[in-house]
Amino acid sequence: MKRIFSGVQPTGNLHLGNYLGAIRNWVRLQADFDDCLFCVVDLHAITVWQEPDALRANTRETAAAMIAAGVDSARNIIFNQSQVTAHAELAWIFNCVARLGWLERMTQFKEKAGKDKARASVGLYAYPNLMAADILAYKGTHVPVGEDQKQHLELARDIAAKFNHDYGTEFFPIVEPLIFGAATRVMSLKDGAKKMSKSDPSDNSRINMTDSIDDIAKKIRKARTDPEPLPGDIKGLEDRPEAANLVGIYAALEDTTADEVLERFDGEGFGAFKPALADLAVEKLSPIQDEMRRLMDAPDHIDQVLRTGAEKAAALAAPVMAEVQELVGFLKP
Ligand code: AMP
Ligand code: TRP
């Protein structure tokens, strides 16, 4: 059986990278997979401090973005993580399966914890175990994410394999990452060496899903580039990360390849390319933004979608968790 699981953290500033790297791909996949679970991962969000009111608002906004982007809440399960207890329960078991040495290799922890590791939460360290639990509580098989999550998914595979080995079963599937599209790693508009991120202090580094049309155009106009004209193919962008990023964004928005975009803009400067990109971004994003606003005006509806999703998700996780408890040796409740 094939089952999709993916998640986004409700940490605010949902951006173009989240859309092009993840959410848009979910919309494509929902046609090919019968079973898709899309989760607002609030337990992951609190691994760094979240103001409670902001967390509530961001949870709704993240769900609204999924629905507005075209994830069908009738066909798929859209829910938030804290409403299904299996996530936290299985995460604890995985805390006892994963090894400290595995977690020590995680580059995201190193980036997020910064220099003063002693002050990071224990949750931030154990974060990838919870992510493995998210997927495996449903025996998820395929996980569409951006490039930055690859290492976490390798860990999820290691955890599944070790659990299976330790308990002598073939219980958990070995998950497959699905990383595809022209923008699997959207970079900051201000620095082509950094990924576009919700937590970048510079708002000009990212295009937020809630940005106004004017802000989208302004941020693209101000994006860092170089003085060279665009080359005729992707090889010509090898040492030009900022230019490569904007071309990648264009290709992803238009659903084509970077080479196809460069064929069209061969020899043009950014004076011509940036306005074309701004127009395209506005054309593709503004219908989603309109729908997000409409949904955010009716939070009760979003809450209802999430509640229904959580009920369906809990029903799928229950038999998996019952078997896990049996395998581990816990007494039946
Ligand atoms: P997060 O914002 O960390 O909750 O990420 C949610 C999803 O968006 C994950 O699948 C990430 O891999 C993806 N994502 C986040 N940032 C980027 C980016 N800059 N480029 C492409 N995908 C991204
Ligand atoms: N860690 C992911 C991110 O920050 C979000 C996430 C949590 C996730 N659980 C998941 C993604 C399970 C895929 C599957 O991007």
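Buried means under 20% relative accessible area, exposed means over 50%, and partly exposed lies in between (1.4 Å probe, protein chains only). The structure is a predicted model, in which local features need pLDDT of at least 70 and side-chain atom pairs count only at pLDDT 80 or more, while totals for chains, interfaces and linings use all residues. Residues are numbered from 1 along each chain as its sequence is written, chains are lettered from A and ligands numbered from 1 in the order in which they are written, and side-chain values use heavy atoms, with hydrogens and water left out.

**Exercise 1. Classify Asp-148 by its accessibility and locate Asp-148 in the chain.**

Step 1. The relative accessible area of Asp-148 is 32%, so this residue is partly exposed.

Step 2. Asp-148 belongs to the loop between S4 and helix H8 (150-166). Helices (H or I, at least four residues) and strands (E, at least two) are DSSP runs, numbered from the N terminus.

Step 3. Arg-185 is 37 residues away from Asp-148 along the chain, yet 7.1 Å separates their C-alpha atoms.

**Exercise 2. Determine how many disulfides the model contains.**

Step 1. A disulfide is a covalent bond between the sulfur atoms of two cysteines. The criterion applied here is a pair of cysteine sulfur atoms within 2.5 Å.

Step 2. The count under this criterion is zero disulfides. For Cys-36, the nearest cysteine sulfur is that of Cys-39, 14 Å away, and Cys-36 is in no disulfide. Cys-39 is likewise in no disulfide, with the sulfur of Cys-36 as its nearest at 14 Å.

Step 3. Cys-36 has a relative accessible area of 3% and is therefore buried. Cys-39, at 0% relative accessibility, is buried as well.

**Exercise 3. Describe the surroundings of ligand 1.**

Step 1. A residue is near a molecule if one of its heavy atoms lies within 4 Å of it. Ligand 1 is surrounded by 18 residues, and the closest are Gln-9, Gly-146, Asp-148, Val-186 and Lys-198.

Step 2. A polar contact is a pair of N or O atoms within 3.5 Å; within protein, one must be able to donate a hydrogen and the other to accept it, and residues adjacent in sequence count only if both atoms are side-chain atoms. An oxygen atom of ligand 1 lies 2.9 Å from a backbone N or O atom of Gln-9. A nitrogen atom of ligand 1 lies 3.2 Å from a backbone N or O atom of Gly-17. In the case of Asn-18, a polar side-chain atom is 2.9 Å from an oxygen atom of ligand 1.

Step 3. Ligand 1 taken alone exposes 480 Å², of which the protein buries 93%. Accessible areas come from the Shrake-Rupley method with a 1.4 Å probe; for residues, only the protein chains shown count as cover.

Step 4. Strand S1 (3-8) and helix H1 (16-29) are the elements that give two or more residues to the shell around ligand 1. The largest share, four residues, is from H1.

**Exercise 4. Describe the surroundings of ligand 2.**

Step 1. The residues around ligand 2 number 13, the closest being Gln-9, Tyr-127, Met-131, Asp-134 and Gln-149.

Step 2. A polar side-chain atom of Tyr-127 is 2.6 Å from a nitrogen atom of ligand 2. For Asp-134, an N or O atom of the side chain is 2.6 Å from a nitrogen atom of ligand 2. For Gln-149, the corresponding distance to a nitrogen atom of ligand 2 from an N or O atom in the side chain is 3.1 Å.

Step 3. Taken alone, ligand 2 exposes 360 Å², and the protein buries 92% of that.

Step 4. S1 and helix H7 (122-136) each supply at least two residues of the shell around ligand 2. H7 gives the most, with four residues.

**Exercise 5. Examine the phi angles of Lys-139 and Asp-255.**

Step 1. Most residues other than glycine have a negative phi.

Step 2. Lys-139, which is not a glycine, has a positive phi of about 50°. Lys-139 lies in the loop between H7 and strand S4 (142-144), and at 25% relative accessibility it is partly exposed.

Step 3. Asp-255 also has a positive phi, near 65°. Asp-255 lies in the loop between helix H10 (241-254) and helix H11 (258-265), and at 48% relative accessibility it is partly exposed.
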